[in-house]
Amino acid sequence: MSEQPQPVAADRHTDTGAGRGRLGRRRRGAESVMVPDVEFTSYYGRPVLKAAPWSADIPAYLFLGGLSGGSALLAAGADLTDRPALRRTARLGAASSITASFGLLVHDLGKPSRFVNMLRVAKVTSPMSVGTWILSAYGPLAGLAAAAELRQLVPRRLQPLARLLGFAGRPAGLAAAALGPAVASYTAVLMSDTATPAWHEAHRELPFVFVGSAASAAAGLGMLGAPVTEAGPARRFALVGAAVEIVAERRMESSMGLAAETLHEGTAGTLMRASKALIAAGALGSLVASRSRVVAAVSGAALLGGSACARFGIFHAGQQSARDPKYTVVPQRERLDARNST
Amino acid sequence: MSGMGNELYGPEHDVAADAGWPGDQPRKGFFTDTSVCIGCKACEVACKEWNGVPDDGFNLLGSSYDNTGALGASTWRHVAFIEQPRRLGVQDAGIAQLPTGPEGTSAVNVAADEAQTGDRSLLGTDSTKVSIGMPSTTLPGAEDPEGKRTEFRWLMESDVCKHCTHAACLDVCPTGSLFRTEFGTVVVQDDICNGCGYCVPACPFGVIDRRIGDKSTKNVGMAQKCTLCYDRLGAGMTPACAQACPTQSIQFGDVDELRERAAARLSALHEAGVGEAQLYGADPDDGIGGAGAMFLLLDEPEVYGLPPDPVVTTRDLPAMWRKAALAALTLGAAAVGSFLGGRR
């Protein structure tokens, strides 16, 4: 009798984020510097949404898919303008990164043995279904173009095969280049078409961030792999890509509301800062990379790293925005109150 | 894309027919009236038993009587418990401003301790009994109900998949595993799901999840959620949770009728002075086109862990595809420009 349950103020805790150990991690410093941010109600501070059950496979795929799509474009351009070294680098890069992507995507499934079920249907309401079909068309074409680069490795007695590859290289490469932009941009819709606040609220600009990131990554690979005499287009591609990515990312942050916070805090914040620094450094380096292979290679690596950091950063920001009920409740409550007051 | 119209957003008259089902099978759903929920969890148990849902861990979460935490791959009904310090006047139960006496819990505790530790010579012993905190069979405040009313209320709510009119999980499913049944409900086909997990972040309510566990766990790696007992519905039966509910807090029936019932119950509660009662998911004009499983709540949705204003993510999908197409063109143009735009 003496142990009657005491009324616990478990509910109606206006979760300021403070005192729940969460803000402590986000903001450096002690209690004294904490500013109480938005007040909202939640159920024991638990998430309203479920975070995507995806591992690092998915952001890695976002990066490699973009790298592949951008590289297919560079390869086609190099093919048509007679830049064999750039063409070889870009074709091999496009094929190997899309092959790795397939592996990552299958590995991330809860039932990898059923990956082929993706091909049961074609649904325009499912960006993953659309993407599956894009990749199914794009992958073999990119592979064929890369195989044409390797035709010297075909044994002498299979020469007809090598000749066939030689003929198929250009059409396959051009077709892959036609699909490359779709490979690089559909992943933005894939992420945005969720209830995850930081991904959904970014849906207006995310495709531009992703294609910018794809261009700088592919350009980075081109600068790494091709001699400076052939890499002029890659350097220009890097500049345009970096500019698009940086501008689009800035606009995205200002249009996504409260969820933009997640791009500045924790793991995501670190990755996004690293991304911006690397992209800027790579872009600046590409301005002078025509003079030195070393500068070109370092700039190229920085661009690749910057692109990868952006993909992982955006991925982590989304996961954090789903785990913290603040990013679900506060904007929705504001929307609801605004509607009810009119 | 513009031809999609109400297939992505807004009120929709007949979800099953729009999904291609012939016939005029009425849409089925739940109306969960939390004002009569007693928190017995019979719904949770019945659901587990009927559907063969594995355990989701035997945890003590320290959140009142809620030890399942949230809906998930292995929790298809979840009873939320909310303990609220709340002035009765706010609830306006017709006894506002009446004297309430000392705070009930502590008063009862003092009374109980006195009874247990006082003079016990009548019992033939002179030892002083020490309270060891055993629970008693006396109801709190039983001796003097008027004087020991507490400023406290307990909310209980049995949560479940909303079976949305516009279901994001179904829209984004790349295998067609998630489908719309002839009853207008949304169900995962276990033999098709490949565990891509896309439905998980798509759900605006955080309902569906990928089941984790070792290899022996049933349907491990697949997306799992409430089926509104699709098998029982096919046999003309009531879903297990509604069947087991002893207070009719969970009502099963045709969605059209449930909406009327919900509206009637809401006005009855408002008339009785429970002004904070509100419906959730009952409006076909809301962000998901109305839920197949609607609720009557006694506080704001977020108090129960529900999103206050959920919107199906695919509402914005046509705009997203347009932006992606524009971005793809931009990338193509950037590549062309890079080859044409310079000498080297």
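Author: In chain B, residues 24 or more positions apart account for 67% of the contacts with a separation of 6 or more. Chain B has 10 helices and 10 strands, and 47% of its 344 residues are buried. Keep in mind that this is a predicted model, with scores of ipTM 0.89 and pTM 0.87. For chain B the mean pLDDT is 87, and 78% of the residues reach 70 or more. Residues 1-5 of chain B have a pLDDT below 50, and that stretch makes four contacts in the model beyond near neighbours in sequence.

Now for the part you asked about. Two packed helices are described by the angle between their axes and the distance between the axes. Take helix 3 of chain A, residues 84-107, and helix 4 of chain A, residues 127-149: their axes come within 8 Å and cross at roughly 140°. That angle is why helix 3 of chain A counts as oblique to helix 4 of chain A. Their crossing is left-handed. Which residues do the touching? On helix 3 of chain A they are A:Arg88, A:Arg91, A:Leu92, A:Ala94, A:Ala95, A:Ile98 and A:Phe102. Helix 4 of chain A answers with A:Tyr138, A:Gly139, A:Ala142, A:Gly143, A:Ala145, A:Ala146 and A:Glu149. Sort the residues of this contact by class and you get nine nonpolar, two polar and three charged.

Helix 3 of chain A also packs against helix 7 of chain A, at an angle of about 130° and with the axes 9 Å apart. These two helices are therefore oblique to each other. Here helix 3 of chain A passes helix 7 of chain A in a right-handed crossing. From helix 3 of chain A come A:Leu86, A:Thr89, A:Ala90 and A:Gly93, and they meet A:Ala218, A:Leu221, A:Gly222 and A:Gly225 of helix 7 of chain A. This contact holds four nonpolar, four polar and no charged residues.

Let's step back to the loop between helix 2 (57-80) and helix 3 of chain A, where you'll find A:Asp82. Its phi is near 60°, a positive value in a residue other than glycine. Is A:Asp82 buried or exposed? A:Asp82 has 9 other C-beta atoms within 10 Å, so A:Asp82 is exposed.

Chain B has a positive phi to show you too: B:Ser64 sits at about 55° although it is not a glycine. B:Ser64 is in the loop between helix 2 (42-51) and strand 2 (77-85) of chain B. Because it has 19 C-beta neighbours inside 10 Å, B:Ser64 counts as partly exposed.

Finally, here's how the two chains meet. In the model, 79 residues of chain A are in contact with 74 residues of chain B. By class, the side of chain A that touches chain B has 41 nonpolar, 24 polar and 14 charged residues.

How values were computed. Residues are numbered from 1 along each chain as its sequence is written. Chains are lettered from A and ligands numbered from 1 in the order in which they are written. This is a predicted model: local features need pLDDT of at least 70, side-chain atom pairs count only at pLDDT 80 or more; totals for chains, interfaces and linings use all residues. Axes are lines fitted to C-alpha atoms, for helices over the stretch in contact, and angles run from 0 to 180 degrees between N-to-C directions. Helices (H or I, at least four residues) and strands (E, at least two) are DSSP runs, numbered from the N terminus. Angles under 35 degrees count as roughly parallel, over 145 as roughly antiparallel, 65 to 115 as roughly perpendicular and the rest as oblique. A crossing is left-handed if the near helix is turned anticlockwise from the far one by less than a right angle, and right-handed if clockwise. Two residues are in contact if their C-beta atoms, placed from the backbone, lie within 7 Å. Ala, Val, Leu, Ile, Met, Phe, Trp, Tyr, Cys and Pro count as nonpolar, Asp, Glu, Lys and Arg as charged, and the others, Gly among them, as polar. A residue is buried if 20 or more other C-beta atoms lie within 10 Å of its own, exposed if 12 or fewer, and partly exposed in between; C-beta atoms are placed from the backbone. pLDDT is the predictor's confidence in each residue, from 0 to 100.
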